[in-house]
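Subject: Structure handover

Hello,

I am passing a structure on to you. Please open it and keep it in view while you read.

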Amino acid sequence: MRFVWASDTHTGRIRKNNEDVVHPETDGHCSGPLLVGVADGLGGHRDGEVASRVAIDSAVRAEGPPWQKVKAANAAILDDVLGHPHRVGMGTTLTLAELDPGGSVTIGHVGDSRAYLLRAGRLIRLTVDHTFVQEEIEAGRLTEEQARIHPRRAQLTRALGLGQEVIVDVGRTSLSVDDRLLVCSDGLTAMVTDEEITTILLEGPPSDVVWGLIEAANRAGGHDNVSAVVVVVTAPEVPD
């Protein structure tokens, strides 16, 4: 299989700084393996933008599958705090997806940045948010619609940088030609519905889709930083 991707991040319309980091930071294509991800520094916490940068950089360097890379990112944040005590309390989400040329994607996930797979017009969420409202949804006390406007909707129950041990969600899904993978921060999903995301994902090359998603979030208010990585799965190139 061949993978064509684009990524970008935007401060949004309200925040003064951007605490999101994406990987890769440039558009491209390859036959794989391909690692993509989004880290969203904890808003309102000390040095969130540092935590997200440390998480992405250390995850990219680390060996092993995505879940091990996420654990390495957690350790790197804690190590950074040891050398910079004023950064105590910094944290971040991290969602990584590794696409294999053999036809699968493996996820490592902590927080509320999400991974989606668009297949044949159907949007499939590959991650579960680690948030207070998600726990309330699973307990049957909130609907998805109620959760979107709940005052505690942004309250995380799990993040990197908050302790030595972190539980990483792991997932693996097969890939097909024409699938589209999206990894994004909650600055997108808090502002744009899954139905709107689906419509935009269906439109054009990855670079157009990424900016379409970011612009949609900003039109809806742009209350947070918004980041997206989009990968299109294509058939392998046939040699001449």
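Below is what turned up, sheet by sheet and then the pocket.

Keep one thing in mind: this is a predicted model.

Now look at strand 2 and strand 4 (residues 34–40). They run antiparallel, and 4 bridges join them. Find Val-22: across from it, in strand 4, stands Val-38.

Another open sheet has 6 strands, in the order 3-1-11-10-7-8. Here too the pairing is antiparallel. Strand 3 (28–30) and strand 8 (122–125) stand at the edges. Each has a single partner strand, so one side of each is left without a neighbour in the sheet. From one strand to the next, the twist averages 20 degrees.

Strand 1 (residues 2–10) pairs with strand 3 over 3 bridges, in the antiparallel sense. Phe-3 is opposite Cys-30 of strand 3.

Helix 6 packs on this sheet. It touches strand 7 (114–119), strand 8, strand 10 (180–184) and strand 11 (226–234). The direction of helix 6 makes about 120 degrees with that of strand 8. Helix 7 (residues 206–219) lies across strand 1, strand 10 and strand 11. Helix 7 runs at about 30 degrees to strand 1.

**The largest pocket**

Rolling a probe the size of a water molecule over the atoms shows where empty space is left. The largest pocket has a volume of about 920 Å³. How many residues line it? The lining has 39 residues. Nearest the centre lie Asp-112, Arg-153, Ala-154, Asp-186 and Ala-190.

Helix 4 gives the largest share, 5 residues. By class, the lining of the largest pocket has 16 charged, 12 nonpolar and 11 polar residues.

Best wishes

Notes: Residues are numbered from 1 along each chain as its sequence is written. This is a predicted model: local features need pLDDT of at least 70, side-chain atom pairs count only at pLDDT 80 or more; totals for chains, interfaces and linings use all residues. Side-chain values use heavy atoms; hydrogens and water are left out. On a 1 Å grid over the protein atoms alone, a cavity is a set of points where a 1.4 Å probe fits but cannot get out, and a pocket is an open set with protein on both sides within 12 Å along at least five of seven lines; lining residues have an atom within 4 Å of a point. Grid points are joined across faces, edges and corners, and a volume is the space filled by probe spheres set on the points. Helices (H or I, at least four residues) and strands (E, at least two) are DSSP runs, numbered from the N terminus. Ala, Val, Leu, Ile, Met, Phe, Trp, Tyr, Cys and Pro count as nonpolar, Asp, Glu, Lys and Arg as charged, and the others, Gly among them, as polar. Two strands pair if DSSP finds at least two bridges between them. Axes are lines fitted to C-alpha atoms, for helices over the stretch in contact, and angles run from 0 to 180 degrees between N-to-C directions. Contact means heavy atoms within 4.5 Å.
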